[in-house]
Amino acid sequence: MHLTFGGAAMAGHEWCLVETFGLKPPTLIGLGSRPRSMVPLDKFFARNRASLTMAQAALDHVTAIAEPYDVTTRNGRRCLAQPLRAYDSRVNGAWLWLGGLEEPEPAVPHDLAGAWYFNLTSFEVAGSDELLDLYHQPKDERRTKRAMAEAFTRLTAGPDASEALAKVVQSKPGSEHQAIWTVVCDDGDRRAAHFSCRALQHQTEDGPQIVMHGITHDIGPADDVPQAPRLAVLERRVLDAVAKPGTHRAIVDVRTGHIIQWVDPPPASIDWAVPGIDIFHPDDAAVVHHLNRLGEDAVTASLRLRGTDVMWASVTVTSQPMLLNNSTTAALWTIDVNSTSRR
């Protein structure tokens, strides 16, 4: 049996990875292990309306109740859907398979993919168990939520890194991003991962929040995927500057003072990875504002940061502007822990 997908007859049937982030109708983001650029399903199934109807019914089911779907029609066609849920219980997408009764099960299992969200208001992130399986993270080390900067510690970004960070800073509902980055797993394995995401606004008890919903799709060993970046690419002057011993650079959101990403390995003496709280002392909010005003010259100030073995560690921070794109600026902090005094 051959089904017609997007105008081309395919021998056999592959798993389709579909996003259901919201704001727009679901789109195709993966076919087998091949990434797709958010292809509308009515375009993908353009010559097979029956398949489109089956796919839409399956997606409606899994997004409504977050349970697998397995239906066989009277004319002998079968549709499977397996939801991808993030820790907020929202279904970010699904693996979808359509075939015939002569193929009672898909011949090839689908790839590993995990759902996640970045709360761009609180700077908390969370990934599903499937995502942490993709990271090869031991089960006894898993936490439901993490600080945003921790999410980037496993990722080697491509040339689009500045564009992706700009979308984090801008926090605009409807913003989308897709890219292939390299995941450095906890056991050292390097995997090529295609991720897709879209920002939505949610109304909560604490007021409106902007949340980036996403799916990361493992598309194979990084060394076998030419698009997978080998070197983390950041703004050029960051790469060219050599970090001094005892200093640690971080990209910081100028509105909140939250760390978006560490450029260097983070300092062991600073407790930076607690989600949902400020890293700096509450009485130093004015100092953070001063550091992030971002004139042409670098600004240096003393700042109290949460410590790992003390309540607060006083460090010296030098802040300078870092242009992410033509309209978005972050702060590049250089944190000098050599000057640390402890309280």
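Select Trp-181 and Phe-195 to start: both are buried (under 20% relative accessible area; exposed is over 50%, partly exposed in between, with a 1.4 Å probe and protein chains only). This is a predicted model, where local features need pLDDT of at least 70, side-chain atom pairs count only at pLDDT 80 or more, and totals for chains, interfaces and linings use all residues. Residues are numbered from 1 along each chain as its sequence is written, and side-chain values use heavy atoms, with hydrogens and water left out.

Now show the neighbours: Trp-116, Phe-118, Phe-152, Trp-181 and Phe-195 make up one aromatic cluster. Rings of Phe, Tyr and Trp (its six-membered ring) pair if their centres lie within 6.5 Å; planes under 30 degrees apart are stacked, over 60 edge-to-face, the rest tilted. The whole structure has 6 aromatic pairs. In one of them, the ring centres of Trp-181 and Phe-195 sit 4.9 Å apart with planes at 70°, so that pair is edge-to-face.

Next stop: Trp-262 and Trp-272, another edge-to-face pair, 5.8 Å centre to centre with 70° between the planes. Both Trp-262 and Trp-272 are buried.

Finally, colour the open sheet, 6 strands ordered S5-S4-S3-S8-S7-S6 with antiparallel pairing. Strands here are DSSP runs (E, at least two residues), numbered from the N terminus, and two of them pair if DSSP finds at least two bridges between them. S5 (34–40) and S6 (69–72) are at the edges with a single partner strand each, so one side of each has no neighbour in the sheet. Zoom in on S6 and S7 (residues 77–85), antiparallel and joined by 4 bridges; Thr-72 has Arg-78 as its bridge partner in S7.
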